[in-house]
Amino acid sequence: MLISLSPPAPVMSPVHRGEATHCPYCALQCGMNVSGGTGGTPGGTVTITPRHDVPANAGALCQKGWTAGELLAGGARLTTPLARASRTSPLEPVSWDEALDRVASAVRGIQAGHGRDAVAVFGGGGLTNEKAYQLGKFARVALGTSQIDYNGRFCMSSAAAATNRAFGMDRGLPFPITDVAEAGAVMLVGGNVAETMPPFLRHLRNTLIVVDPRDTRTAARATLHLRVTPGTDLALALGLLHIAITEGHADLDYVAARTTGFEAVRASVASWWPERAERVTGVPVARMREAVRLLAGAGTAMILTGRGAEQHAKGADTVTAYINLALALGLPGRPGSGYGCLTGQGNGQGGREHGQKADQLPGYRSIADPAARAHVAGVWGVDPGELPGPGRSAYELLDTLGTAEGARALLVFGSNPVVSAPRASHVAERLAALDLLVVSDFVLSETAAMADVVLPTTQWAEEHGTMTNLEGRVLLRRQAVAPPSGVRSDLAILSGLAARLGRDEGFSSDPGVVFDELRRASAGGVADYSGITYERIAAETGVFWPAPSKDHPGTPRPFLDRFPTPDGRARFVPVDHRPVAEDIDDDYPYYLTTGRVLAHYQSGAQTRRIPELNEAAPEAYVELHPHLAERLGLAPGDMVTVSSRRGSAEAVARVTRGIRHDTVFMPFHWEGANRLTNPALDPVSRMPEFKVCAVRVERRDPLAAGERGRGA
Ligand code: SF4
């Protein structure tokens with residue numbers, strides 16, 4: 001059995017009432033009922049059961065979903081604000097007034113001395129649409145800073161940049177998830193859904209082609225596995241497109257009717273002979289030909305990308321190359337066919353649509369567009385000239401903290417960059433150099449543990465809000481459980497801080513009020529939510545954006561008749577392969593690639609605190625091939641040190657034939673893997689090169705380990 005879909009025992013939690021809601025974790029946003037207990041008496045029993053009316057999961061949940069109730073009852077929960085008297089003092093409980101007064105006072109002082117941009121905000125792709133919207137407004141209006149970005153930059157930005165460039169719209173799947181089952185063939189590039197979102201497997205019913213350097217659980221189900229060298233997905237796409245064109249698989253009628261730019265792309269791949277692509281990628285020519293034949297001969301087909309293809313310094317071009325292939329085969333905009341991106345974080349889609357990204361305003365508007373600024377400023381009741389321009393991208397923002405050109409204070413909402421950012425030790429050093437670090441979270445994450453002020457928040461089933469899943473379907477997360485006393489919602493925190501910064505109006509703590517404002521702010525934008533209401537979402541089990549009026553049915557398949565570009569056609573864009581930002585050499589002779597495991601989510605701040613999940617995946621590990629293990633004198637279970645030019649991490653060795661001889665794999669849910677990763681940025685999306693860097697692997701030195709232990 002490849003995956004676990006069976007329920008564990010019910011978990012204990014204070015229950016308010018049973019409700020149909022959605023999972024707190026990934027972008028599949030599986031529907032679940034949170035029910036049971038004793039009607040509002042703390043200590044009742046929460047039972048989580050899957051919903052059958054939500055197409056994404058249709059009655060299934062993964063191990064993380066089944067155990068999500070423990071997040072509500074967990075002993076690690078923060079229930080009082082914490083603050084430290086000085087940087088070297090311990091965190092101590094304080095009142096809410098004391099905590100918020102202290103943050104507001106420090107923000108005022110820092111901005112008075114160093115300017116508005118001396119205070120920065122870092123958000124998260126797990127925040128509801130209401131929170132993401134309000135956080136962007138808070139930064140631009142209450143703080144007046146341009147310095148806001150979020151961890152979704154590390155997740156979706158390459159696919160977003162590529163789809164905007166090709167289609168004029170960035171919506172993860174521009175079709176309902178149920179269309180995936182209609183595809184005769186699906187090519188999945190750099191995605192391991194059997195671990196990241198197991199219920200998605202039920203939508204993969206026909207031919208499956210997997211592109212991945214590892215023998216993943218998903219690859220094990222594939223009709224064809226293309227085991228590509230890390231960092232060469234783009235070259236593979238160029239080789240596949242060359243084959244498709246030269247061997248007569250291109251749909252030239254579709255290309256003529258629905259696209260522009262084909263001739264330039266045809267010329268650009270002319271030199272990507274299959275043999276050249278094989279030399280670069282390690283994928284045999286015969287397998288490439290088979291992949292093209294399967295896609296072109298299926299009748300209906302899809303190409304889907306995940307982080308494995310996207311988290312590179314050439315991620316936007318890699319996705320563009322797969323879109324070019326999809327366009328040449330005539331797939332986008334046809335029922336049961338297309339290109340799509342598998343969003344990662346729970347609200348990775350909605351989180352980037354409404355203003356917490358450095359370059360965007362609500363409704364997926366550009367902050368550099370005068371008309372967009374005027375519209376949003378009108379909704380916010382401010383002069384458009386007051387809105388700051390685009391700020392730094394996520395890594396650039398973190399990299400400059402505490403320096404002469406960077407911010408001196410950072411407010412973090414729903415993110416744990418000490419674990420999840422690339423070159424994480426450096427990021428921790430930058431956080432330590434700040435005058436003020438404020439973290440809003442419901443557990444003491446690694447980042448919260450460094451903060452001057454920690455603000456304890458409500459979480460998923462304790463509050464209302466909307467999420468937009470990987471299909472672009474706007475969903476209602478209902479409150480099902482009473483929050484513990486002592487915590488506040490992020491909206492209430494922003495409201496309290498805004499009032500202390502002189503903005504008494506415009507920062508409601510009521511999610512319904514905030515959503516109504518978001519609807520107005522998004523009206524006329526690419527991601528137009530103006531016709532979506534809580535009532536509609538509840539009645540229709542979600543509404544696809546854009547929905548520009550209440551009587552508009554929503555848009556499940558936005559590309560059927562035309563693409564949202566000025567001429568209605570999709571755009572081919574020529575791109576070319578380039579080497580990885582850091583190649584292997586004598587000092588660092590192996591590729592490191594990173595990814596996820598079934599039991600954990602993102603930085604693990606939530607899932608590492610759930611006993612069943614921790615038991616299933618208790619520790620950081622590094623996967624390596626038996627030949628490499630033999631060369632290094634390692635046995636399964638040995639402790640090893642993995643080092644890159646940026647830092648080192650310790651992990652348990654796991655030996656498997658399911659990985660290339662020259663590559664090691666580490667999951668990134670524990671502190672360590674991202675100390676190694678490379679922050680080289682994609683020039684378009686500003687995505688760091690998480691997915692490949694050069695490392696060396698050594699047996700851990702027990703003496704050094706002992707010394708570290710004594711010093712800890
Ligand atoms: Fe579904 Fe993702 Fe939650 Fe698992 S983690 S139950 S796949 S939403």
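In this predicted model, domain 2 and domain 3 bury about 510 Å² between them. Carbon and sulfur atoms account for 32% of that area. The size of an interface is often given as the accessible area lost when the parts come together.

Domain 2 is made of the segments 82–154, 347–461 and 488–511, while domain 3 covers 157–341. The assignment also gives domain 1 as 11–73 and domain 4 as 590–705. Between the C-alpha centres of domain 2 and domain 3 the distance is 36 Å. Six residues from domain 2 and seven residues from domain 3 take part in the contact.

What kinds of polar interaction join the two domains? Seven residue pairs are in polar contact between domain 2 and domain 3, counting pairs with both residues at pLDDT 80 or more. On the side of domain 2 that touches domain 3, the residues divide by class into two nonpolar, two polar and two charged. One salt bridge is counted between domain 2 and domain 3. Arginine 352 forms a salt bridge with aspartate 170, with 2.6 Å between the closest N and O atoms.

The ligand is the remaining topic. Four cysteines, Cys23, Cys26, Cys30 and Cys62, are among the residues around the ligand. The shell also includes Tyr25, Leu28, Gln29, Leu61, Lys64 and Gly65, together with Met197 and Pro199. By class, this shell holds nine nonpolar residues, two polar residues and one charged residue.

Notes. Residues are numbered from 1 along each chain as its sequence is written. This is a predicted model: local features need pLDDT of at least 70, side-chain atom pairs count only at pLDDT 80 or more; totals for chains, interfaces and linings use all residues. Side-chain values use heavy atoms; hydrogens and water are left out. Domain bounds come from an automatic or database domain assignment. Contact means heavy atoms within 4.5 Å. Buried area is the accessible area (1.4 Å probe) that two parts lose on being put together, summed over both. A salt bridge is a side-chain nitrogen of Lys or Arg within 4 Å of a carboxyl oxygen of Asp or Glu. A polar contact is a pair of N or O atoms within 3.5 Å; within protein, one must be able to donate a hydrogen and the other to accept it, and residues adjacent in sequence count only if both atoms are side-chain atoms. Ala, Val, Leu, Ile, Met, Phe, Trp, Tyr, Cys and Pro count as nonpolar, Asp, Glu, Lys and Arg as charged, and the others, Gly among them, as polar. A residue is near a molecule or strand if one of its heavy atoms lies within 4 Å of it.
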